[in-house]
Amino acid sequence: MQNNETQTTYEYDLRGNQTKESSKYFDLTIGGVTTTYYNTTDYSYNLRNQMIGTQINTPGADTQTGEVTYETLTASNVYNAQGQRVQKTEGEDTTKYFYSGTALFYTTNGWGTLTTENILDLGGQITAR
């Protein structure tokens with residue numbers, strides 16, 4: 001494989017949900033031995049096929065020592081009984097979602113500060129953001 005070729009693989013569960021994506025990130029040659037490192041993303045789902053978690057692992061190499069470490073980023077989603085996402089957490093950042101019926105009414109950050117707001121008509125449809 002050439003260094004500039006992209007190699008990506010995907011894995012799926014029995015319900016057709018993508019559970020993993022692996023992409024070639026870089027090759028590292030030390031002492032004549034080349035090792036390929038991959039950026040990976042793992043996805044998890046609840047029984048309603050809603051994505052509840054994501055984990056991204058990105059390798060990085062120290063240019064002096066060749067030591068490879070991974071940076072890991074995580075995200076999670078929480079859903080209500082109606083199947084609406086009510087919370088998303090990415091690393092340390094949280095967004096909470098509030099609905100009027102099926103329409104997204106507003107969102108807040110983890111501290112409760114309003115971050116977005118939709119104006120709804122009497123039928124519950126979004127008319128302005």
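Asp42 comes out as partly exposed, at 25% relative accessibility (buried is under 20% relative accessible area, exposed over 50%, and partly exposed in between, with a 1.4 Å probe and protein chains only). The model is predicted, so local features need pLDDT of at least 70 and side-chain atom pairs count only at pLDDT 80 or more, while totals for chains, interfaces and linings use all residues. Residues are numbered from 1 along each chain as its sequence is written, and side-chain values use heavy atoms, leaving out hydrogens and water.

Searching the whole structure turns up two salt bridges (a side-chain nitrogen of Lys or Arg within 4 Å of a carboxyl oxygen of Asp or Glu). Asp42 takes part in one of them, with Lys20, and the closest N and O atoms are 2.9 Å apart. Lys20 sits in strand β2 (residues 18-30) and Asp42 in strand β3 (residues 33-45), so the pair ties together parts 22 residues apart in sequence. Strands here are DSSP runs (E, at least two residues), numbered from the N terminus. Lys20 is partly exposed too, at 22%. The other bridge links Lys24 and Asp27, again with 2.9 Å between the closest N and O atoms; Lys24 is buried at 12%, whereas Asp27 is partly exposed at 23%.

Asp42 also has a bridge partner in β4, namely Gln55. Six bridges join β3 to the antiparallel β4 (residues 51-61), where pairing takes at least two DSSP bridges between two strands. Five residues separate these strands in a hairpin, and Asn49 in the turn has a positive phi of about 65°.

Next, β4 pairs antiparallel with β5 (residues 68-79) over nine bridges, with Ile56 opposite Leu73.

Terms used
Helix = DSSP H or I, 4+ residues; strand = E, 2+ residues; numbered from the N terminus.
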